[in-house]
Amino acid sequence: QVKLVESGGALVQPGGSLRLSCAASGFGFRNYAMEWYRQAPGKQREFVARISSGGSMAYVSFVKGRFTISRDNDKNTLYLQMNNLKPEDTAVYYCHRDPGDYWGQGAQVTVSS
C-alpha cells in the first residue's frame, strides 16, 4: 500500500536551515506529482510546495526564495530544503501524493530562539 514517511523535523533557531525528507513506497513514485503541506497550531493545513513528475516546481508566495522542493526518483524520496527559517514557519510538515488522499504522519518543525 501507499506509504509516506517524513523525517528531519527539529527545533531550529530563526535564520537556520533544515532539510525534510519523505520516503515513499507502495507506488510508482517517479510517475506522480508530490507536494508539501504544513499545519500550524490552531490553523488549517496549507499548501507549501509542489513538484511534478517531470520536475516542475511551484511554491506558495511566503516560502519563495527560502524553500526548495526536490525529488530523487532513484531513492523514492521527496525533499524540502528550508533556509532562513522564521518563527511563523513553525508547523507540522506533511508530504502528499497527488492525486489521491495519501499523507505521511508529519514532521514537527519548530523555529524558536
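Me: What does buried mean here?
Reply: Buried means under 20% relative accessible area, exposed means over 50%, and partly exposed lies in between. The model these terms are applied to is predicted.

Me: Why is Tyr 37 called buried?
Reply: Tyr 37 has a relative accessible area of 18%. The cut-off is under 20%, so Tyr 37 counts as buried.

Me: What makes Phe 47 buried, exposed or partly exposed?
Reply: The relative accessible area of Phe 47 is 27%.

Me: Why is the pair of Tyr 37 and Phe 47 called edge-to-face?
Reply: Their ring centres are 5.7 Å apart and their planes stand at 80°. Pairing needs centres within 6.5 Å, and edge-to-face needs planes over 60 degrees apart, so this pair is edge-to-face. Tyr 37 is in strand E4 and Phe 47 in strand E5, 10 residues apart.

Me: How do you know that Tyr 37 and Trp 103 form an edge-to-face pair?
Reply: The centres are 5.0 Å apart, with 70° between the planes. The limits are within 6.5 Å and over 60 degrees, so the pair is edge-to-face. Trp 103 lies in strand E10, so the pair ties together parts that are 66 residues apart in sequence.

Me: Which residue has its charged end over the ring of Trp 103?
Reply: Arg 45 does, 4.5 Å from the ring centre. The distance limit is within 6 Å.

Technical notes. Residues are numbered from 1 along each chain as its sequence is written. This is a predicted model: local features need pLDDT of at least 70, side-chain atom pairs count only at pLDDT 80 or more; totals for chains, interfaces and linings use all residues. Side-chain values use heavy atoms; hydrogens and water are left out. Rings of Phe, Tyr and Trp (its six-membered ring) pair if their centres lie within 6.5 Å; planes under 30 degrees apart count as stacked, over 60 as edge-to-face and the rest as tilted. Helices (H or I, at least four residues) and strands (E, at least two) are DSSP runs, numbered from the N terminus. Buried means under 20% relative accessible area, exposed over 50%, partly exposed in between (1.4 Å probe, protein chains only). A charge sits over a ring if NZ of Lys or CZ of Arg is within 6 Å of the ring centre and within 35 degrees of the ring normal.
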